[in-house]
Amino acid sequence: MTSYTRQLAKGFSLVEMLILLGIFSFFIGLIAINLSQAQQTASLSAAMNTLTSDLRAQQLKAMVGDTSGDSQVDNYGIFLSTHSYTLFRGTYSAGNAQNIVIDLPENTQIVATTFPGAQAIFLKGSGENSAQATNTITLQDANDLTQKTITINRYGVVE
């Protein structure tokens with residue numbers, strides 16, 4: 001066998017390389033699609049977990065009588081809007097400097113709530129839901145319209 005024939009036998013042809021690149025591109029495309037869907041699901045779950053945590057923290061402050069540096073014990077609550085929610089003490093006032101505004105992740109929004117005035121208020125001392133009924137907060141991913149719901153019963157139990 002000549003040296004020229006041995007050199008040809010060692011490498012790949014252009015057609016083989018193109019087929020291999022096409023197969024790799026196909027698999028990389030599938031992986032990218034699956035990862036983007038996982039990111040959207042994780043974003044909605046993270047927003048729900050953060051909101052649930054904040055609800056429970058506000059309820060706990062109302063139950064233990066946290067005064068936040070003031071002399072008076074008061075109710076604690078959360079005001080819900082579409083792309084954010086506000087933690088407040090007492091009664092909600094948009095201009096209060098003590099309010100803490102939490103922005104929801106991009107493409108996540110609050111689409112529905114059954115709380116009167118979009119305010120979840122926990123009563124001082126007991127931590128009960130001031131609406132005295134079971135209420136819900138529904139979060140939605142704006143991309144794929146997946147929804148998750150948080151329920152708070154009349155006793156303030158957050159689920």
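Is Ala-118 buried or exposed? At 18% relative accessibility, Ala-118 counts as buried, because the cut-off for that label is under 20%. Keep in mind throughout that this is a predicted model. Here are my notes, one topic at a time.

1. **Ala-118 and its backbone.** You'll find Ala-118 in the loop between strand 4 and strand 5. Have a look at its backbone too: phi of Ala-118 is near 55 degrees, a positive value in a residue that isn't glycine.

2. **Gln-132, another positive phi.** Gln-132 also has phi near 55 degrees, again a positive value in a residue other than glycine. Gln-132 sits in the loop between strand 5 and strand 6. With 36% relative accessibility, Gln-132 counts as partly exposed, since that label covers what lies between under 20% (buried) and over 50% (exposed).

3. **Strands 1 and 2 up close.** Within that sheet, five bridges join strand 1 (residues 76–80) to strand 2 (residues 84–89) in the antiparallel sense. For a specific pair to click on, take Phe-79: its bridge partner in strand 2 is Thr-86.

4. **Arg-89 in strand 2.** Which side chain does the side chain of Arg-89 contact? The partner is the side chain of Tyr-76, in a polar contact at 3.3 Å. Arg-89 belongs to strand 2, and despite being an arginine it counts as buried, at 16% relative accessibility.

5. **Asn-75 and Lys-124.** Asn-75 is in the loop between helix 2 and strand 1. At 19% relative accessibility, Asn-75 counts as buried, because the label applies under 20%. A polar atom of the Asn-75 side chain lies 2.8 Å from the backbone nitrogen of Lys-124. So for Asn-75 the thing to display is its side chain, and for Lys-124 the backbone.

6. Strand 6 (residues 135–141) pairs with strand 7 over six bridges, in the antiparallel sense. Thr-136 is part of strand 6 and counts as partly exposed at 23% relative accessibility. Thr-136 and Ala-112 are 24 residues apart in sequence, with their C-alpha atoms 7.9 Å apart in space. Over in strand 7 there is Lys-148, which counts as partly exposed at 26% relative accessibility. Lys-148 and Leu-123 are separated by 25 residues in sequence and by 26 Å in space, C-alpha to C-alpha.

7. Where is Val-158 placed? It is in the segment after strand 7 (147–152). Val-158 is buried, with a relative accessible area of 6%. The C-alpha atoms of Val-158 and Thr-86 are separated by 17 Å, and the two residues are 72 apart along the chain.

8. Which residues make the nonpolar surface patch of about 590 Å²? They are Val-15, Ile-19, Ile-23, Phe-26, Phe-27 and Leu-30. Phe-26 is found in helix 2 (residues 14–64). At 52% relative accessibility, Phe-26 counts as exposed, because that label needs over 50%.

Definitions and conventions. Residues numbered from 1 in each chain as written. Predicted model: local features only at pLDDT ≥ 70, side-chain atom pairs only at ≥ 80, totals over all residues. Heavy atoms only, no water. Patch = residues over 30% accessible without salt bridge, like charges linked within 9 Å, V, L, I, M, F, W, Y side chains within 5 Å. Areas by Shrake-Rupley, 256 points an atom, 1.4 Å probe, with all protein chains shown as cover. Salt bridge = Lys/Arg side-chain N within 4 Å of Asp/Glu carboxyl O. Helix = DSSP H or I, 4+ residues; strand = E, 2+ residues; numbered from the N terminus. Buried < 20%, exposed > 50% of the residue type's maximum accessible area, 1.4 Å probe, protein only. Pairing = 2+ DSSP bridges. Polar contact = N/O pair within 3.5 Å; in protein donor to acceptor, adjacent residues only side chain to side chain.
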